[in-house]
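The structure is shown first, and the description follows.

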Amino acid sequence: MPKNKPKSNAASATNQLPNQLIIAHVFLLLYMMSCFIPLLNAMDYDAPQWLYVSLLNIVALIFIVKNNHFFQAFQLQKTAKLYLGLLAGFFTVGCLSMITAINASESLVHLSRFVNIIVAFFCVYTFVRKNPKAFFVFACKVSIVLVGFYGWRAVNYFYGNAALMRSLEFVNGLRSGFSNVNIYTAFIAVQLPLLIYGFIHFTKIWKYTSLLAIILGMMALFLVGSRSAMVSLSFMFLCILGFLLFGIIKKKNTASLKKETIILALTPLFVILMVVNVNKIEKGTMNSLDDMLNPKNIDFYKGKTIAENSAVKEGKIANNTITIQKKSNLSSGRFSLWALAIRNFKKSPILGVGYGNYKAVGKREHYQNFNNNKGAFANPRRAHNDFLEKLAETGIVGFLLYVSLFVFPLLWFFKLMRTETSYEMQWVYFAIFLVAASYTFDALLNFPLERPPIQFYFIFTVSLLIAFTRSKKSDQPATSNKKLPYALFGILFLFSVVSTASNYAILSAYQLQRNLRTDLMGKTLFSDKKLKNSFESVKKQWTNYPQLSYVGTVNNVFLANYAIKAKQYDEALKILNESKSYNVDALLVKSFKAEIFLNVKDNLDSAQYYSEQVFDIFPAFKTNYYMLKKIYAKRKDTASLLNAMHRYSKYNPRDINEWETKANTMYEFYKDSDLMLKVLDTGIAYNTYSKKLVDAKKEVMGKLKFKSYLSSKEVKEKHQEAYDLFVKQQYAQARVIFEKILETNPRDFLSVQNIGIIDLINKDYEAAIKNLSRVIKARAFVDGKAEYSRGYCYEQLGQLEKAKEDYRASRKKKYPQAMSLPPSKYEE
């Protein structure tokens, strides 16, 4: 009986084989399905996706250890041990880099995610090594479905709105199911080699489904216009067509691939033809590839049409004598971020600035090159190059270990291709290589290391390469110590649990951030308008892990905002002061401190000090710039105000609205129409065909056609003429003269005020309020007449609170009629 017992166990193991492999396939499917994890009201998809992966890792580990007699998970060959050693080595260097980290909590956030990668690699490799070819084919079929589904999203969006112009706003309106289009397109591009393998080697329904998915996926890439994905797509198709030609020429038994080769060669041409003929910018003319890859905003296209029409009808109104040298888009994009990474590496070449700390480093040099048309605040949290980012974060040793994670699989691929005689198996290896190559191209231009749906495919390809090298060998390493597998399992399980706790805390923090951001959005901090959340309720939910927000700014700024709304200004300043070291620039910390000193403390010196610090580092940050303008206006510091305007427009020339404001302001100070036009022309030079700026120039030139701006003497004479008519109560005739003055001097606020008073006399109170408000907003006069007159209009309309406010403002300026008002007219 004892002799028969082992035979019984062997038979049992054989019977369990199909079930265990089926479950292993399910686990592989679940890893591939991370792309479907919903946002869960977080700031970004990465938080719920990493939590999902960490939970899946725990379940996979339990399954593996329960079936270790079948998987023999810890009986690893040398290549697998080497790769796990490289992963562990890079993780160790990442831990050591916390010694020099700017923000240790951010290191913990990203190290916990790298634990997910290590454990996921171990689990996926354990599964696929049992039958790598079967798992590869299974992954190909899953990818066909995934790419077909996500490709259809883009095709449905663009063709479903075929009549709409291909503007930047329209392209950005696509809801891809990912955080941004670069992640979406990388997810598609990294799977295309698997689909192409399916089209070449699958039969019947899977073959033609593969082709359909290839077409949908490629159409999505072109429709969205992701330039980074185009790099890997171009490389991929050149390699594939070359390898197909090699097979046809060198392998006699592959003549049947001629049809597939022709179809694949024609597919890009077919796709390009399809995408350039939808969402046409000019009716009757197909779009160019430049239109596809560099879409412009609606303001550009509308302005171009207006300018071209005006050139014919109105003497080339868009002609521009100003010439400027525009910076390349790359200079304010990836090149700037790469240079920032290299500078930080030089500061700390051994251990780096701390794993995951790129978002916390000082970015002065980058901000001098960064701008956007809205002047919005932005803190780049990634270098858009995983290699340079890890060089900056972990130093030279970490960088070499990270690069080795790509180099060794490449060497194993070459070895497999060299020893393999079957062309079909060479295609398997070649498809795996192209998946890894597509991931590598994206790693050179983006940050796939932080995105589970894309990161998985690199883990999977490395697992397959190691598994195929293992299948070539007959020797199977044995484990001498039976306790060792369980000790290793315990380590992986413990790290996975800690990673899960970290990922859950991050998800909770991101959910709270979204809740608070939504609550605060569009609200004025220094007002009595109520928020959904109170300061006390936010404090109860608050956690200081991680210390930086999703975008890399100090997380405590949210808490300080609620303290401000609760009018606990000293508490807000305390929170901000305690958080100023969480990242190097601390721009939002300083900006909010400036707002408190300006709006509450009435401390212009401190407000100016902090606002100028922010402006010095990030001059294109519009909210801070507006605050600084307000400070200079309060100080009546005209020179500093104009200097700030010049510096802002220099560093943020894409802000169209501010060019118009600047033109009006320059005329207000200098009364020089030529200078006003020069400012508008400069804005148009930076923002070619901007509709807003072309319209503004058209308005000024239209008035100049009537007559040059009147001299002071002529204005005075016309005002006297109108005044004489006014005294005779000939208001209509007086109004005509005031309007004539405004045709040539649109900012003659005395005429605007008098027209407003005529409206008041005619009991057209709403029109009067509109004109008088222009005068008050421009701060044209200090006598209080405009405020008194507008207050009277509000009183007649029954808007008593507004009337009282204006009467009080007029009384402060000692306007006689306001001073004689009874208290009931102005007291609260």
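## Nonpolar surface patch

Which residues make a nonpolar surface patch of about 440 Å²? The patch is made by Leu488, Ile491, Leu494, Phe495 and Val498. Patches consist of residues with over 30% relative accessible area and no salt bridge, where like charges are joined within 9 Å and nonpolar side chains (Val, Leu, Ile, Met, Phe, Trp, Tyr) within 5 Å. Leu488 belongs to helix 20 (residues 483-520), and with a relative accessibility of 33% this residue counts as partly exposed. Buried denotes under 20% relative accessible area, exposed over 50%, and partly exposed the range in between (1.4 Å probe, protein chains only). An α-helix has 3.6 residues a turn, so residues three or four places apart point the same way.

## Basis of the model

The model is predicted: local features need pLDDT of at least 70 and side-chain atom pairs count only at pLDDT 80 or more, whereas totals for chains, interfaces and linings use all residues. Residues are numbered from 1 along each chain as its sequence is written, and side-chain values use heavy atoms, with hydrogens and water left out.

## Overall fold

The chain contains 37 helices and 0 strands; helices (H or I, at least four residues) and strands (E, at least two) are DSSP runs numbered from the N terminus. Along the principal axes, the C-alpha atoms fill a box of roughly 125 × 60 × 50 Å. Of the 828 residues, 54% count as buried. The chain exposes about 37800 Å², of which carbon and sulfur atoms supply 59%; accessible areas come from the Shrake-Rupley method with a 1.4 Å probe, and for residues only the protein chains shown count as cover.

Among contacts (heavy atoms within 4.5 Å) with a separation of 6 or more, 72% join residues 24 or more positions apart.

## Nonpolar cores

A nonpolar core is a set of buried Ala, Val, Leu, Ile, Met, Phe, Trp, Tyr and Cys residues joined through side-chain atoms within 4.5 Å. The largest such core has 144 residues, and Tyr83 and Phe127 touch the most other members. Helix 18 (residues 423-445) gives the most to this core, with 15 residues.

Leaving aside neighbours within four places in sequence, Phe127 is in contact with Ala24, Phe27, Ala60, Phe63, Ile64, Phe71 and Phe135. A second, separate core has 68 residues, including Ala563, Leu598, Tyr648 and Leu693.

Helix 10 (residues 204-224) has 21 residues and reaches 31 Å from its first C-alpha to its last, close to the 30 Å expected at 1.5 Å a residue; the expected span is 1.5 Å times one less than the number of residues. Because 15 of its 21 residues are buried, helix 10 is largely enclosed by the rest of the structure. Lys204 lies in this helix and has a positive phi near 55°, yet Lys204 is exposed, with a relative accessible area of 69%. Gly225, with a positive phi near 80°, follows helix 10.

Most residues other than glycine have a negative phi, and most peptide bonds are trans. Arg779 also has a positive phi, of about 55°; this residue is in the loop between helix 34 (765-778) and helix 35 (785-796) and is exposed, with a relative accessible area of 65%. The peptide bond from Tyr545 to Pro546 is cis, with omega near -5°, and Pro546 lies in the loop between helix 21 (535-541) and helix 22 (556-565).

## Salt bridges

A salt bridge is a side-chain nitrogen of Lys or Arg within 4 Å of a carboxyl oxygen of Asp or Glu, and the count by this rule is 25. Asp44 lies in the loop between helix 1 (5-32) and helix 2 (46-66) and Arg451 in the loop between helix 18 and helix 19 (452-471), so the pair ties together parts that are 407 residues apart in sequence. Asp44 is buried at 2% relative accessibility, and Arg451 is buried at 3%.

Arg735 forms a salt bridge with Asp759, the closest N and O atoms being 2.6 Å apart. Arg735 is in helix 32 (residues 731-744) and Asp759 in helix 33 (residues 749-761), so this pair links parts that are 24 residues apart in sequence. Arg735 is partly exposed at 24% relative accessibility, whereas Asp759 is buried at 4%. Salt bridges that share partners also join Asp46, Arg113, Arg382 and Glu450 into one network.
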